Amino acid sequence: MSETATARLEPFESPLTPESWGKLGMWIFLVGDAMTFGTLLAAYGAVRFASADWPHPADVLGINMTAFMTFLLICSSVTMVKGLSAARHDDLAGFRRFIGLTILGGAIFLGLQAYEWTHLIHSGLTLSGNPWGASLFGTTFFIITGFHGMHVLGGVGYLLCILALGWNGKFNGHNYHPVEIAGLYWHFVDLVWIMVFTFVYLL
Amino acid sequence: MSEAGAAVHAEHEREGFVRHYIFSKDHKMIGRQFLFAGLVMLIVGGLLAMMIRWQLGWPETPLPITGLFSEEFWDGDSWLAQTLPYGTITSEFYNALFSMHATIMIFFVVVPIMVGAFGNFLVPIMIGARDMAFPTLNMLSFWTAVPAYILILLSFFVPGGAAAAGWTSYSPLAAVPDYLGVAGPWGVNLWCISLIILGFSSLMGSINYITTIVNMRAPGMTWFRLPLIVWAIFIVSILLLLAFPVLTAALGMLLFDRLFGTHFFLPEGGGDPLLWQHLFWFFGHPEVYILVLPAMGVTSEILPVFARKPIFGYRAMVYSMIAIAFLSWIVWGHHMFQSGMDPALGTAFTLTTMIIAVPSAIKTFNWLGTLWGGSIRFPTPMLFALGFVFLFTIGGLSGIFMASTPVDIFIHDTYYIVAHIHYVVAGIIFGIFAAIYYWFPKMFGRMLNETLGKIHFFLTFVFFNLTFFPMHFLGVGGHMRRIYNPLHYEFLEPLQGINVFISVMALCLGASQLFFLANFLWSLFFGRRASENPWQANTLEWTAPSPPPHGNFLTAPVVYRGPYEYSSPEVAEDWLPQTRRVEVASAGGHG
């Protein structure tokens, strides 16, 4: 009896992500990362609800610009999807354009965040100080948005690598998984921002 | 297939020394690296424990090292003369001793050996894979852990000494550098940084283990044909993935409090010390099961092999591990009964803690059921596995006892707790020894010496119990945990005899480990050559050569059965490897 025939007789549980192990790996990483953000947000909730003099975020933080930043990040998720789709359909020009736009979106987001931070620091909000009340307001603001900003920065670098790798058409209908995996990370960073925006700015 | 085999050998020989032994991507070499790192730290952690016992047995008596150095040396300002003036353990150094003993044993010994070493070595080979899913990430996981090891060891030598706020680093004690009363803040700072780095290493490991087990099982290796140690590593990887980031985030906050003047855990700035306790124990209780589940897996591997019987209740073993993993998330409050907690909430935590005893008891009874009616052999790995079951039972029972809030309020922060944690966590070291004695032939291709192994077991078992059992009496007598000098308290003076007894036994326990050290080092180079399957076991690693080559198997294995079919009526031998196909001659054979 040949080996392949024997193998077929045995129950074969197919891999969860047969197309790419990296995809499962990224999902697992994101679960761990979500726990880190979850801890930060839970700690934020705990200190905020225990505080008597927590300022109303809308009075201190500029909601309008942040709403635009949120919109920008959501748009960059859309261009990420378009970039992946272009790679899958062997559309090299589309791949370059849409991944480039995604990187641009992330970069503008970072620029606006730097502007926002500078502005707030000038008006007195720092890591351990807050002229409008609880000092932990400043602490949690900078730590949570900073931790997210680091993720965006990492994502921009990651996508730049993907763009450089795929510039000459490495990614196509047969080999698009690295783009898809980078996309998973990018969408996660967007999703986390929506949480951060809701809890830190809006509520 | 033979071509592939030849290719494997060629690749093996082409690797230089550095690629083969240092920056290796082979899961078996990385496993060995974690094993050596963990064993070195086991020696360090053990020596710290010896010094703790010295101080408690003979408080403020110079260690027997004073005579080794001249009067001039002790008057000088070398590190040793400053830390241990004239060989005496100072109260500051004592705080660092017990803090670092626990930190090292938990984070740098048990997890690296169980998950890093045996998880790495066993998972791919037991599921019939050639390597891990991400070999480079695996290498990176080890080399990320190395700086964490170096920093935690270096922290002894910074001004003010190593972290001294306990392994739990409760705030505000740990959140304000001045509160510890030592000369510099870098002990606790380095402690935080080292554990944050270790968190990254652990995350990489989890990604690798989970992906490997989900995606790379050999044909026929269904979920319910997985050896229980692989199930244990799988569940532990999920727990580590979910729990360690919580600690990492909390450590980050603690570090910000210490370095940048934030007030997460400081009431004067609107923070909450209890927040640290909640975050720490939300990580810390799953961590307890992260430590114990692999030892349970090791025991479940070893008992059937040496009882020559299938494991009793394979599926119940799997489901109870899953139940333990789930329940471990909702019991953390039992560490905080004394921290100020709503009694109703305390009752809820009491209940969940008692419920977690049920799956643990299922496992214990299943081990007994496995032994029942078996033809038991007693080589060293079996002795250590049985030792683990014994110690886990005692530690588990005292756990149920103090899960009850009123009992816990009485014995909280006494030596009763110290006795409990050592029966469980130091009992896990028995699981580690069992694993080392059992898989050493596969890891290094040589057998450990049986006589030395048996001497090691009996001395360790006897002195372990004589060391840790009397601590229950100390605890009930009111002996506080983490005190520097028991003679400072009048009501503890009558108990000092027990302290002296424990210290003598602990020193003997430490000395007994020399038999292991000698056996390990001697056998590594001169031990009897191991055959492919010295224990006549069923699991896949025993079908590979000892030690297995890069790529593990010469031909890709196909799995036909579960891992524990010992004394099967289908074959003449009393073992039946997972890869062996038995032609069933007649339908009557399956009655």
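How many residues does the contact take from chain A and from chain B? The contact takes 32 residues from chain A and 38 residues from chain B, where two residues are in contact if their C-beta atoms, placed from the backbone, lie within 7 Å.

## Basis of the model

This is a predicted model, in which local features need pLDDT of at least 70 and side-chain atom pairs count only at pLDDT 80 or more, while totals for chains, interfaces and linings use all residues. Residues are numbered from 1 along each chain as its sequence is written, and chains are lettered from A and ligands numbered from 1 in the order in which they are written.

## Chain A overall

Chain A has seven helices and zero strands, these being DSSP runs numbered from the N terminus (helices H or I, at least four residues; strands E, at least two). Its radius of gyration, taken over C-alpha atoms, is 21 Å, whereas a compact globule of 203 residues would have one near 17 Å, by the rule of 2.2 Å times the number of residues to the power 0.38. The C-alpha atoms fill a box of roughly 80 × 40 × 20 Å along the principal axes.

Of the 203 residues in chain A, 35% are buried (20 or more other C-beta atoms within 10 Å of the residue's own; exposed means 12 or fewer, and partly exposed lies in between). Among contacts between residues at least 6 apart in sequence, 77% join residues at least 24 apart.

## The side facing chain B

Helix H1 (3-9), H2 and H6 of chain A are the elements that give two or more residues to the side touching chain B, and H2(A) gives the most, with 15 residues. That side divides into 20 nonpolar, 10 polar and two charged residues (nonpolar: Ala, Val, Leu, Ile, Met, Phe, Trp, Tyr, Cys and Pro; charged: Asp, Glu, Lys and Arg; polar: the others, Gly among them).

## Packing of H2 and H6

Within chain A, H2 (residues 21-50) and H6 (residues 135-166) pack at an angle of about 165°, with their axes 11 Å apart. That makes H2(A) roughly antiparallel to H6(A), a term for angles over 145 degrees. The contact is made by A:Leu40, A:Tyr44 and A:Val47 of H2(A) together with A:Leu136, A:Thr140, A:Ile143, A:Ile144 and A:Phe147 of H6(A); by class, it has seven nonpolar, one polar and no charged residues.

## A:Leu41

A:Leu41, which is also placed in helix H2 of chain A, counts as partly exposed because it has 19 C-beta neighbours inside 10 Å. Leaving aside residues up to four places away in sequence, A:Leu41 touches A:Met195 and A:Phe199.

Methods: Axes fitted to C-alpha atoms, helices over the stretch in contact; angles between N-to-C directions. Parallel < 35°, antiparallel > 145°, perpendicular 65-115°, else oblique.
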